[in-house]
Structure formats: structure tokens, C-alpha cells
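Subject: Structure handover

Hello,

Here is the structure I said I would pass on.

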Amino acid sequence: ALLSGSKEYTSESMQEDFKNAGLAHVLALSGMHLSIFASLPGRFFKKKSEMFSLIVVFLFVWFAGLSPSLLRALISMIISLVCKKLSIKTNLLGILSLSFLIQISIFPSHIFNYGFILSYAALVGLELGQKMFLPWLCKVFPKKISSDLSASLGAQTVTSPITLLGFGTCSPIGIIASVIVSPIATIFLSFGVFAVILSMVLPFLLKPIGCIMSLIYAILTWIVDFFSFFPIIQISN
């Protein structure tokens, strides 16, 4: 489910738990997936790793399908690579703006898609969170926790009105839940990809790897289930 973004691999109760915990974005295809796959070639190829990264990313997009949020991540990655090659200084909002213009030029209908809207809104919120909330959070928490919390708080601040209008619900606990669950989901997905490759090369490792995967999955689902019991904000249409 994490790899393909397909709901058919996740039970309805699990989908509901992720939604109530404010973690629906974890199950959606996004830049997290592309960053994981883009980093794989660098572990094996020192030269031309960027070219191999782009090939791997295109293969993943072909496998998973071109959802609006995944296309946004792909366009943003290509813009970043081109700017890097041309020694052009960039920032997140600049890349997002150009990506937005390119995407709606290719697929104008995406502008009415909530996945498209939330994908851009979350990243804008992440950037604003670093500027607005990070300075005072650093006075209370360690730097790493402050950075994660400010990003989550910024993203939640911008996306909450959209989710309330579009879906009628909002989960404030997602601010904290995202900080805890997102890294575990990334580890689970990264280790899963590595495990598939390793199991094909060394099949006898399939069972011990499966045990590790099951343990990480159990931890992930337990935490999601815990946060799903927190109150949510709900409005009627």
C-alpha cells in the first residue's frame, strides 16, 4: 500500500485509522516515495548517480501511475536537477511555483483535484512553518524535534481549511502524529525496497527479513491506532 498508493492493499479500518489520526498523506504517493527511490542509485553508483536516479524515478512513476501529487513531485525533482546542472540558485517556493505552472499547463483539470491542491498546500505550509514556528519552538525543544514539529505545524495550518471544506473533517493530532509516524513509514518503505532486492539475491534471508518487516509494521499500525482515538474536528455540509 505504501509503495503503490493503492487502497486495495489496505483494509478499510486501517484507512480510517490513518484518516482519523491525520495521517492520510502517509498512504498517498508523494515526494517521500521519489526521494527514497532517487537515493537508491547513489548507494551503488558514484558516477552519474543523478542520471540513474532519474531513470529509477521514472520507472517508479510508470509502475505507480501518474497521480497529481506524484506528478508534482516528479516535475519538482526535474526542475531541481536542471537548476543544479545550470548552477541556478533555487528555493522551495520558486520550484513549487514553476512546477505548478507546468503541471496545470499539461493537465488543467488537476487544479480541481484535492490531491493536487493538498500536495502544493502542504509544501507551502512546510516552508512557512520553518519560518514562522521554528524560532520559538527551538526555545522549548531540541533542534531536530523543533524542525519536524514546525514543518508539521505549518503543513497542518495550511491544509486544515482545505480538508475541512473538501472532506468535512480535520485531525489536529496529526501535527504530533506526523512527526512520529512519517519517519517510521519511511524506514518501513526503505527497508521493504532493500529487502525485496536482498531476498532475490539471497532467498534464504526471506523469513528473517519478513520477521523484521512484520515487527516494523506492527509498531507502525499500533501507533496509528493509538492516535486515531484522539478527537477530530468535523463539520456538516
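The notes below go from the whole chain to its cores and then to single residues.

This is a predicted model, in which local features need pLDDT of at least 70 and side-chain atom pairs count only at pLDDT 80 or more, while totals for chains, interfaces and linings use all residues. Residues are numbered from 1 along each chain as its sequence is written, and side-chain values use heavy atoms, with hydrogens and water left out.

Overall layout

The chain holds 10 helices and two strands. Helices (H or I, at least four residues) and strands (E, at least two) are DSSP runs, numbered from the N terminus. In sequence order the pattern is α-α-α-α-α-α-α-α-β-α-α-β.

Along the principal axes, the C-alpha atoms fill a box of roughly 50 × 45 × 40 Å.

Of the 237 residues, 40% are buried; buried means under 20% relative accessible area, exposed over 50%, and partly exposed in between (1.4 Å probe, protein chains only). Contact means heavy atoms within 4.5 Å. Among contacts with a separation of 6 or more, 66% join residues 24 or more positions apart.

The cores

A nonpolar core here is a set of buried Ala, Val, Leu, Ile, Met, Phe, Trp, Tyr and Cys residues joined through side-chain atoms within 4.5 Å. The largest one has 20 residues, and Phe18, Leu23, Val181 and Phe227 have the most contacts inside it. Helices α1 (12-20), α9 (174-201) and α10 (206-227) each supply at least two residues of this core, and α10 gives the most, with seven residues. A second, separate core has 12 residues, including Ala38, Leu70, Met77 and Val193.

In soluble globular proteins, nonpolar side chains tend to be buried together.

Leu23 is in contact with Phe18, Ala177, Ser178, Val181 and Val224, leaving aside its neighbours within four places in sequence. In α1, the buried residues are Met14, Asp17, Phe18 and Asn20, and their cover includes α10. Just after α1 comes Gly22, with a positive phi of about 70 degrees.

Single residues

Ser182 is found in helix α9. Its relative accessible area is 22%, so Ser182 is partly exposed. Not counting residues up to four places away in sequence, Ser182 touches His25, Val26 and Ala177. Ser182 and Leu220 are 38 residues apart in sequence, and their C-alpha atoms are 9.5 Å apart in space.

Ser87 lies in the loop between α4 (68-85) and α5 (92-106). Although not a glycine, Ser87 has a positive phi of about 55 degrees. Most residues other than glycine have a negative phi. Ser87 counts as exposed because its relative accessibility is 67%.

Phe226 belongs to helix α10. With a relative accessibility of 42%, Phe226 counts as partly exposed. Phe226 and Glu12 are 214 residues apart along the chain, and 17 Å separates their C-alpha atoms.

Regards
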